[in-house]
Amino acid sequence: MKTLLFSYKFLFMTLMSLPLALCSNDNDNETPFEPVTIDLSSVDIALEDTSFIVNGFQFNARRVTTDEVTNDGILLAHPENGEGSLLELDLSNVTGISKITLNIFNNNGDGTVVSLWNNGTIVEERNNIPNATSGNLFKDTSLSVSGKQIDLLRVTSFEATIRSIKLE
């Protein structure tokens with residue numbers, strides 16, 4: 001009789017602990033996103049190039065080159081048929097980003113546009129990128145990504161240079 005009583009207790013305890021085990025939050029396997037700065041100052045891009053990889057990140061481009069005057073990044077200053085240059089960073093395989101910061105030299109006023117996309121739809125767009133002034137011509141422009149689903153960062157401009165992109 002004692003054996004039967006102990007087996008019922010064991011069965012009861014097992015059944016009671018099963019829902020707790022199934023509902024536990026196992027975030028131990030998820031690794032937090034480690035911030036990375038993608039340095040574009042040493043990338044060699046020709047006008048005909050349409051894609052390239054830096055630090056394992058895939059970029060798509062339209063009419064961009066290496067800034068040959070300063071070697072300070074990717075130059076978006078080759079408009080054609082009324083369209084500015086375009087640089088896209090594929091973020092479809094990146095999770096856990098909370099902020100994106102571009103170090104950019106903008107010489108195009110509101111014509112330089114930085115946008116975040118998801119599945120072909122604009123999530124956020126910013127065209128108030130600070131213009132270059134005397135002193136340090138490169139300025140940091142940050143976009144908050146927290147709580148947003150994004151798969152692409154896009155920059156379009158008639159005259160801007162992007163030195164780096166920091167993902168945090």
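Welcome to this structure, which is a predicted model.

**The cavity**

- The structure holds 1 cavity of 30 Å³ or more, and the volume of the largest cavity is about 30 Å³.
- Its lining is made up of Leu-87, Glu-88, Leu-89, Leu-153, Arg-154, Val-155, Ile-162 and Ile-165.
- Sorted by class, this lining has 6 nonpolar residues and 2 charged ones, with no polar residues.

**The largest nonpolar core**

- The largest nonpolar core has 32 residues, and the members that touch the most other members are Leu-40, Phe-59, Ile-100 and Ile-165.
- Two or more residues of this core come from each of these elements: strand 2 (51-54), strand 3 (57-62), strand 5 (74-76), strand 6 (85-90), strand 7 (99-106), strand 8 (113-118), strand 11 (152-157) and strand 12 (160-167).
- Strand 12 gives the most to the core, with 4 residues.

**A look around Phe-59**

- Leaving aside residues up to four places away in sequence, Phe-59 touches Ile-38, Leu-40, Thr-50, Ser-51, Phe-52, Val-54, Leu-87, Glu-88, Leu-89 and Ile-165.
- Phe-59 counts as buried because its relative accessibility is 0%, below the 20% cut-off.

**The aromatic pairs**

- The structure holds 2 aromatic pairs.
- One of them joins Phe-52 and Phe-59 in a stacked arrangement, with 5.0 Å centre to centre and 5° between the planes.
- Phe-52, the partner of Phe-59 in this pair, is buried too, because its relative accessible area is 9%, under the 20% limit.
- Phe-105 and Phe-138 form a tilted pair, with 5.9 Å centre to centre and 50° between the planes.
- Phe-105 sits in strand 7, while Phe-138 belongs to the loop between strand 9 (121-126) and strand 10 (139-144), so this pair ties together parts that are 33 residues apart in sequence.
- Both Phe-105 and Phe-138 are buried.

Methods: Residues are numbered from 1 along each chain as its sequence is written. This is a predicted model: local features need pLDDT of at least 70, side-chain atom pairs count only at pLDDT 80 or more; totals for chains, interfaces and linings use all residues. Side-chain values use heavy atoms; hydrogens and water are left out. A nonpolar core is a set of buried Ala, Val, Leu, Ile, Met, Phe, Trp, Tyr and Cys residues joined through side-chain atoms within 4.5 Å. Buried means under 20% relative accessible area, exposed over 50%, partly exposed in between (1.4 Å probe, protein chains only). Contact means heavy atoms within 4.5 Å. On a 1 Å grid over the protein atoms alone, a cavity is a set of points where a 1.4 Å probe fits but cannot get out, and a pocket is an open set with protein on both sides within 12 Å along at least five of seven lines; lining residues have an atom within 4 Å of a point. Grid points are joined across faces, edges and corners, and a volume is the space filled by probe spheres set on the points. Ala, Val, Leu, Ile, Met, Phe, Trp, Tyr, Cys and Pro count as nonpolar, Asp, Glu, Lys and Arg as charged, and the others, Gly among them, as polar. Rings of Phe, Tyr and Trp (its six-membered ring) pair if their centres lie within 6.5 Å; planes under 30 degrees apart count as stacked, over 60 as edge-to-face and the rest as tilted.
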